[in-house]
Amino acid sequence: MRESIKELKNKYLINHLLSRDEVSIELAKGVTDDEEYCTLMWLLGVLYQEEGNKNAATYCCLRANEIWCMNQLKPKKRRSELIFTNFIMDTEMETFIQQKIAFMKDKYKHIKRQLIYISICFGSLAFLISFFFLKLSIGAAIIEWVCFSVLSFWFTYGRSKDRFYVLQSEASGKYLSEADMDFDKKYL
């Protein structure tokens, strides 16, 4: 990580006096690794939060978390031009990011529960059709119900999780400043 980014981070941690312009200047220089990116996005998120722009702070936290989670993936699955190091987030950084995305995780748990209910309803409909109209035995209809429920949940859950976070990022990204959004477009 560059010394100037470390200085910004220490300046914020020591006396909480940091302006968004100072962070934007560092953003304009670009970043090379995931630690720099996550640190700058965390600092931006904190500064947006202090300004009262919670949506932009959420966006910054979602992006920092996404890049940090990419660090855990195999190199073939990474889609970013960043160099991935095995850095560990500071406790301040991690707690702020986790607090901001906790709402998203709770919201997605609710959506997951609804997907389970919908899958069971589709499976029940398939059971009724196969048992009453197609005259299958009760055992075959139950097997079809289980298979149809599990498969419909698997397909909808697999697609909805990534789509949910993409839509949340797009919605909260509208509140970011133009310069900060231009920086982040390079790493989307």
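**Entry 1. Nonpolar patch.** I looked up which element gives the most to the nonpolar patch, and found helix 5, with 7 residues. Helices here are DSSP runs of H or I with at least four residues, numbered from the N terminus. The patch covers about 990 Å² of surface and is made by Ile118, Phe122, Leu125, Leu128, Ile129, Phe132, Phe133, Leu134, Leu136 and Phe148. Patch members have over 30% relative accessible area and no salt bridge; nonpolar side chains (Val, Leu, Ile, Met, Phe, Trp, Tyr) are joined within 5 Å, and like charges within 9 Å. I took accessible areas from the Shrake-Rupley method with a 1.4 Å probe, with only the protein chains shown counting as cover for residues.

**Entry 2. Model and conventions.** I note that this is a predicted model, in which local features need pLDDT of at least 70 and side-chain atom pairs count only at pLDDT 80 or more, while totals for chains, interfaces and linings use all residues. Residues are numbered from 1 along each chain as its sequence is written, and side-chain values use heavy atoms, with hydrogens and water left out.

**Entry 3. Confidence.** I checked pLDDT, the predictor's confidence in each residue from 0 to 100. The protein chain averages 81, and 91% of the residues score at least 70. Confidence is lowest in helix 1 (residues 3-15), at a mean of 71, and highest in helix 5, at 87.

**Entry 4. Two residues of helix 5.** Ile129 lies in helix 5 and counts as partly exposed because its relative accessibility is 38%. Ala126 is also found in helix 5, but counts as buried because its value is 12%.

**Entry 5. Positive patch.** I found a positive surface patch formed by Lys105, Lys109, Lys112 and Lys161. Lys and Arg count as positive, and the charge of Lys is placed at NZ. Helix 5 (residues 91-133) gives the most to this patch, with 3 residues. Lys161 lies in helix 6 (residues 138-173) and is partly exposed at 35% relative accessibility.

**Entry 6. Salt bridge.** I searched the whole structure and found 1 salt bridge, defined as a side-chain nitrogen of Lys or Arg within 4 Å of a carboxyl oxygen of Asp or Glu. Arg63 forms a salt bridge with Glu66, the closest N and O atoms being 2.9 Å apart. Both residues lie in helix 4 (residues 54-70), 3 residues apart, about one turn of the helix. Arg63 is buried at 2% relative accessibility, whereas Glu66 is partly exposed at 25%.

Key: Buried < 20%, exposed > 50% of the residue type's maximum accessible area, 1.4 Å probe, protein only.
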